[in-house]
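Have a look at the picture first, then read on.

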Amino acid sequence: MIVLTHTHSDHRGACDELKEKTGAPVAAFHASAAPDFTPDIPLHDGDEIAGMSAIHTPGHASDHLCFARPDGILFSADHVMSWSSTIVSPPDGDMADYCASLQTLLERNDAIYLPGHGPPIREPKSYVAGLLSYRIERERAIVEALKLCPSNSWNLVDRLYSKTDPWLRMAAERNVVAHLLKLRREGKVEECSEIWRSTSLQNAHVS
Ligand SMILES: [Zn+2]
């Protein structure tokens with residue numbers, strides 16, 4: 001059996017060939033984020049598979065699953081990584097879902113995470129708490145920046161991130177957009193012609 005955490009190409013890449021050569025069925029989240037992929041064994045949150053529990057952890061990808069073993073090992077794939085922060089890229093990536101999925105893991109007591117990228121995470125609870133507070137802080141900084149001055153997403157990257165590497169800048173912009181969409185749903189920001197502004201700034205002007 002092939003167990004897939006999510007359908008991003010760097011995880012699913014060898015899946016078809018492996019299946020063809022071994023005849024093994026592929027188990028993955030029932031609602032695939034990839035239009036050209038349907039799992040042979042559709043999984044739902046809480047399902048048991050290959051001696052592991054599937055935990056639906058959307059955010060990085062809508063079809064992302066972590067897998068927890070009874071011995072305390074959790075395969076965290078791209079939801080929680082140790083080599084860099086996770087990219088949350090809309091429209092499939094969703095920052096509210098990502099934060100909720102971090103909270104889901106915080107409520108568990110797994111002993112060690114084996115991520116899809118980077119070395120094992122040996123104190124996962126404090127690590128995940130740190131990731132969550134980083135996102136909350138990042139979001140607060142975006143709201144404060146927009147209160148000072150309306151801005152498009154790239155200007156926000158320039159104002160909030162010091163990254164100069166083009167790939168990291170691109171990843172940062174996707175995360176900023178994910179935060180902005182979450183904030184818009186919460187009524188805290190609004191967008192017109194790709195310029196984002198704080199709704200509290202507008203309210204201040206109105207009053
Ligand atoms: Zn991924």
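The buried residues of helix α4 pack against quite a list of partners: α3 (95-106), β8 (112-115), α5 (153-160), α6 (166-185), β9 (189-192) and β10 (195-198). Keep in mind that this is a predicted model.

So which residues of α4 are the buried ones? They are P124, V128, L131, R135, E139, I142 and L146. The helix itself covers residues 124-148, which makes 25 residues. From its first C-alpha to its last, α4 reaches 36 Å, close to the 36 Å expected at 1.5 Å a residue.

The axes of α3 and α4 come within 9 Å of each other and cross at roughly 155°. That angle makes α3 roughly antiparallel to α4, because anything over 145 degrees counts that way. As for its hand, the crossing of the two helices is left-handed.

Who meets whom at this contact? On the α3 side you'll find C99, L102, Q103, L105 and L106, and on the α4 side K125, V128, A129, L131, L132 and R135. Sort the residues of this contact by type and you get eight nonpolar, one polar and two charged.

Now step back to the whole chain. Here are its overall figures.

| Feature of the chain | Value |
|---|---|
| Helices and strands | seven helices and 10 strands |
| Span of the C-alpha trace along the principal axes | about 65 × 35 × 30 Å |
| Share of the 207 residues that count as buried | 33% |
| Share of contacts with a separation of 6 or more that join residues 24 or more positions apart | 54% |

D63 is found between β5 (52-56) and β6 (65-68). Is D63 buried or exposed? It counts as buried, because D63 has 24 C-beta neighbours inside 10 Å, and 20 or more is what being buried takes.

What does D63 touch, leaving aside its neighbours within four places in sequence? The contacts of D63 are H6, T7, A28, F29, A31, S32 and A33. Take A28 as an example: D63 and A28 are 35 residues apart in sequence, while their C-alpha atoms are 8.0 Å apart in space.

Notes. Residues numbered from 1 in each chain as written. Predicted model: local features only at pLDDT ≥ 70, side-chain atom pairs only at ≥ 80, totals over all residues. Helix = DSSP H or I, 4+ residues; strand = E, 2+ residues; numbered from the N terminus. Expected span 1.5 Å × (residues − 1). Buried ≥ 20, exposed ≤ 12 C-beta atoms within 10 Å, placed from the backbone. Contact = placed C-beta atoms within 7 Å. Axes fitted to C-alpha atoms, helices over the stretch in contact; angles between N-to-C directions. Parallel < 35°, antiparallel > 145°, perpendicular 65-115°, else oblique. Left-handed = near helix turned anticlockwise from the far one by under 90°. Nonpolar A, V, L, I, M, F, W, Y, C, P; charged D, E, K, R; others polar.
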